[in-house]
Amino acid sequence: PSGGEEAFSYPVIRERVVTAADLLTVLWLIGIAAMAVWFLVTNLRFWQKLRRTRAPYAAENCRYPVYLVEAGLPSPCLFGLLRPAVYLTPAAVEAPETLRHVLAHETTHARHLDPLWSLLRCVCLVVYWFDPLVWIAAIVSRRDCELACDEGTLRRLGEAERLPYGQTLLRLLPVAR
């Protein structure tokens with residue numbers, strides 16, 4: 001260049017080869033996003049359903065809020081991570097002994113920090129959505145959580161309550177129709 005002309009250069013374009021690892025990473029991230037949305041939507045819908053259909057229930061000696069859900073809840077449960085509450089079915093309040101067993105069971109879930117363990121299971125399933133062994137581990141973990149809760153509840157209730165507690169559990173089992 002002469003006389004004030006500036007040199008013009010074309011930008012160098014570098015080609016990037018997309019590898020199988022790149023494609024698998026994108027697929028993995030899409031799976032994570034899809035699973036996270038699915039878990040979030042499922043839990044938010046359940047929470048909204050509980051909030052719409054619940055009625056406060058006066059339960060003595062329970063440190064958590066207790067609500068009665070007249071229809072649509074297959075079994076009593078503890079729900080909520082930061083402010084857990086106990087949700088009861090009509091069958092759970094039919095008899096004082098049944099209510100006592102259910103409340104003892106659900107408060108044991110809270111003492112064992114089971115809502116936190118449930119969240120951890122969900123995080124593992126979100127990240128490792130592609131691994132069937134993680135799904136099996138989550139199922140087994142949930143089953144172990146229930147068994148540990150039953151054991152802890154029986155420890156609190158005492159040996160004399162073993163048979164009545166077991167009968168309560170059997171009576172409240174959701175039956176597929």
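The legends below describe close-up views of a predicted model.

**View 1**
The strands form an open sheet in the order 1-2-4-3, and their pairing is mixed. Strand 1 (54-56) and strand 3 (77-79) are the edge strands; each has a single partner strand, so one side of each is left without a neighbour in the sheet. On average, neighbouring strands are turned by 35° against each other, direction ignored.

**View 2**
Strand 2 (residues 66-69) runs antiparallel to strand 1, and three bridges join the two. Along this pairing, Pro56 stands opposite Tyr67 of strand 2, and Ala55 has Leu68 of strand 2 as its bridge partner. Strand 2 is also joined to strand 4 by three bridges, and this pair runs parallel. Here the bridge partner of Val66 is Val86 in strand 4.

**View 1. Side chains of strand 2.**
Which residues of strand 2 point one way, and which the other way? Val66 and Leu68 point one way, Tyr67 and Val69 point the other way, and all are buried.

**View 2. The loop between strand 1 and strand 2.**
Ala58 lies in this loop between strand 1 and strand 2. Its relative accessibility is 76%, and Ala58 therefore counts as exposed. Ten residues separate Ala58 from Leu68 along the chain, and their C-alpha atoms are separated by 9.4 Å. Asn61 is also placed in the loop between strand 1 and strand 2. With 82% relative accessibility, Asn61 counts as exposed. Asn61 has a phi near 60°, a positive value in a residue other than glycine.

**View 3. Helix 1 along its length.**
Helix 1 (residues 20-53) contains 34 residues. From its first C-alpha to its last, helix 1 reaches 49 Å, close to the 50 Å expected at 1.5 Å a residue. Gly31, Ile32, Met35, Phe39 and Leu50 are buried in helix 1. The packing partners of these buried residues are strand 1, strand 2, strand 3, strand 4 (85-88), helix 3 and helix 4.

**View 4. Helix 1 against helix 3.**
The axes of helix 1 and helix 3 cross at roughly 150° and come within 8 Å. On the helix 1 side the contact is made by Trp28, Ile32, Met35, Ala36 and Phe39, and on the helix 3 side by Cys122, Leu125, Val126 and Val127. By class, the residues of this contact are nine nonpolar, no polar and no charged. Ile32, Met35 and Phe39 are also among the buried residues of helix 1.

**View 5. Helix 3 against helix 4.**
The axes of helix 3 (residues 114-127) and helix 4 (residues 132-157) come within 10 Å, crossing at roughly 175°. Helix 3 is therefore roughly antiparallel to helix 4, since angles over 145 degrees are classed this way. From helix 3, Asp114, Arg121, Cys124 and Leu125 take part in the contact. They meet Val134, Trp135, Ala138, Ser141, Arg142, Cys145 and Cys149 of helix 4. The contact of helix 3 with helix 4 has seven nonpolar, one polar and three charged residues.

**View 6. Helix 4 and its surroundings.**
Helix 4 has 26 residues and reaches 38 Å from its first C-alpha to its last, close to the 38 Å expected at 1.5 Å a residue. Its buried residues are Val134, Ala138, Cys145, Cys149, Asp150, Gly152, Thr153 and Leu154. Helix 2, helix 3 and helix 5 (162-172) are included in what covers the buried residues of helix 4.

Leaving out residues up to four places away in sequence, His101 touches Thr153, Leu157, Glu161, Pro164, Tyr165 and Thr168. One of these residues, Thr153, is itself buried in helix 4.

**View 7. Leu113 between helix 2 and helix 3.**
Leu113 is part of the loop between helix 2 and helix 3. Phi of Leu113 is near 60°, a positive value in a residue other than glycine.

Definitions and conventions: Residues numbered from 1 in each chain as written. Predicted model: local features only at pLDDT ≥ 70, side-chain atom pairs only at ≥ 80, totals over all residues. Heavy atoms only, no water. Pairing = 2+ DSSP bridges. Helix = DSSP H or I, 4+ residues; strand = E, 2+ residues; numbered from the N terminus. Axes fitted to C-alpha atoms, helices over the stretch in contact; angles between N-to-C directions. Parallel < 35°, antiparallel > 145°, perpendicular 65-115°, else oblique. Contact = heavy atoms within 4.5 Å. Nonpolar A, V, L, I, M, F, W, Y, C, P; charged D, E, K, R; others polar. Expected span 1.5 Å × (residues − 1). Buried < 20%, exposed > 50% of the residue type's maximum accessible area, 1.4 Å probe, protein only.
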